[in-house]
Each structure stands twice: as C-alpha cells, then as structure tokens.
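Please open the structure in your viewer and keep the sequence beside it.

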Amino acid sequence: MGIFDIFKNKKDEKVAIDNVKKKLKDDGNLVQAVRNYWSQIIAGDINLENGEKFKQETFYNKKHLKYDPDVIKGILVSIAITSEDKNFKEICQTCYMYLAAFEKKEVKDKIETRVAQGLPLLEEIGKIKDKDEKFKKLQEYGKNLPKDKPGYSSEDLKDLQVHLAELFGRLVQV
C-alpha cells in the first residue's frame, strides 16, 4: 500500500492510516519537501513555476506547481492524520483548501477573478494622499469594474475552497 491508499477504500481506513504512518518514516524527505514548498507558495515566499506569486483570488493551471495538487493534498492529509494536535490539523485544512485555485481543469494558464483584477488598482489608490484625487480614482474604478469570466468568480473559488475544506474534514476528522 502506498501513501495515497487512504483514498481508495474507506472501510480499510485504519489499515491505510497505519500504512501512511509507516510510509512517512520512509518518505520523510518528500513529505517535508512538499510541505515546505506549499507553505512557502501560500506565504508568498517563493514563486509558482511561471515566476509569479500565488494569488488567492486567481484560478491556475496545475502546471504552475512543482508538485501535482493531488500529491500536495495527499501529503497534507497524511501529516494531519498522524498528528493529535487539532490546531495543526486546522492549519493543514486551510492549506488544503487553497488548492482550490488549481481545481478547474479548463484553465489553460490562469484566470483572475474580478477581485484579483481590482486589487492592484485599489492598492495604488490607497497610496494616494490627496482625498479629492483618491475619490476621483475610486469613481473611475467604480465605472470600469472588471468582469468575472462565468464560472471563475471569487464566489466560485470560495465554493471550491469550502468543498475542499469539508472533504479534508471528513478525511481527517478535524
């Protein structure tokens, strides 16, 4: 049985968990590498494979990850299962849900949600000191709000995140 066998058959979960624990001792380098990689991606400490920082409000093709999202998911589940710390399990669950950005197979490169498209402009407006100029820029921004591509809105991304968080919770019993 391999590290991801826990996903194959629910009734053999106890055996799979025991095997995951044994496998972790053998594959500690991969586990640690994937864990460090994904946490650094989320934190913005390292870039995706396309050279950009990960943005939580953007859908991506999985080619922008060094490791397949399913590998990252499996590692997060395996390290959470082997921990007794509820807080650590919740952190793993949060990290797991951020993989929602890579769930849509139709994304060829990346698709920014309306929120992601507007953030740079809002940051720029936030730096303006003059109230009149700031108000003028906000009005301009309001008139030219970016549009979401159908199926790729912030709400769609949040729904995927909730789905992944619930899935993780069922697998790990957070």
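**Before selecting**

This is a predicted model, in which local features need pLDDT of at least 70 and side-chain atom pairs count only at pLDDT 80 or more, whereas totals for chains, interfaces and linings use all residues. Residues are numbered from 1 along each chain as its sequence is written, and side-chain values use heavy atoms, with hydrogens and water left out.

**Stop 1: confidence**

Colour the chain by pLDDT, the predictor's confidence in each residue, from 0 to 100. The mean for the protein chain is 83, and 84% of its residues reach 70 or more. Helices (H or I, at least four residues) and strands (E, at least two) are DSSP runs, numbered from the N terminus. A contact means heavy atoms within 4.5 Å. Where pLDDT is low, the predicted coordinates should not be read in detail.

**Stop 2: salt bridges**

How many salt bridges does the structure hold? There are seven, a salt bridge being a side-chain nitrogen of Lys or Arg within 4 Å of a carboxyl oxygen of Asp or Glu.

Select lysine 110 and glutamate 52, whose closest N and O atoms are 2.7 Å apart in a salt bridge. Lysine 110 belongs to strand E2 (residues 110–112) and glutamate 52 to the loop between helix H2 (28–43) and E1, so that distant parts of the chain, 58 residues apart, are linked. Select glutamate 112 and lysine 55 next; their side chains meet in a salt bridge (3.1 Å, N to O). Glutamate 112 lies in strand E2 and lysine 55 in the loop between H2 and E1, so this pair ties together parts that are 57 residues apart in sequence. Buried means under 20% relative accessible area, exposed over 50%, and partly exposed in between (1.4 Å probe, protein chains only). Glutamate 112 is partly exposed at 24%, and lysine 55 is partly exposed at 33%.

Now select glutamate 57 and lysine 158, which form a salt bridge with the closest N and O atoms 2.8 Å apart. Glutamate 57 is in the loop between H2 and E1, and lysine 158 is in helix H7 (residues 154–172), 101 residues apart.

Finally, select Asp70, Lys73 and Glu103, which are linked in a network of salt bridges.

**Stop 3: asparagine 61**

Select asparagine 61, in the loop between E1 and helix H3 (69–81). Asparagine 61 is buried, with a relative accessible area of 18%. A polar atom of its side chain lies 3.4 Å from the backbone oxygen of lysine 108. Not counting residues up to four places away in sequence, asparagine 61 touches Phe102, Val107, Lys108 and Asp109.

**Stop 4: a nonpolar patch**

Select Val115, Leu119, Leu122 and Leu138, which make a nonpolar surface patch of about 300 Å². Patches are made of residues with over 30% relative accessible area and no salt bridge: like charges are joined within 9 Å, nonpolar side chains (Val, Leu, Ile, Met, Phe, Trp, Tyr) within 5 Å. Helix H5 (residues 114–127) gives the most to this patch, with three residues. Leucine 122 is in helix H5 and counts as partly exposed, at 37% relative accessibility.

Conventions
Areas by Shrake-Rupley, 256 points an atom, 1.4 Å probe, with all protein chains shown as cover. Polar contact = N/O pair within 3.5 Å; in protein donor to acceptor, adjacent residues only side chain to side chain.
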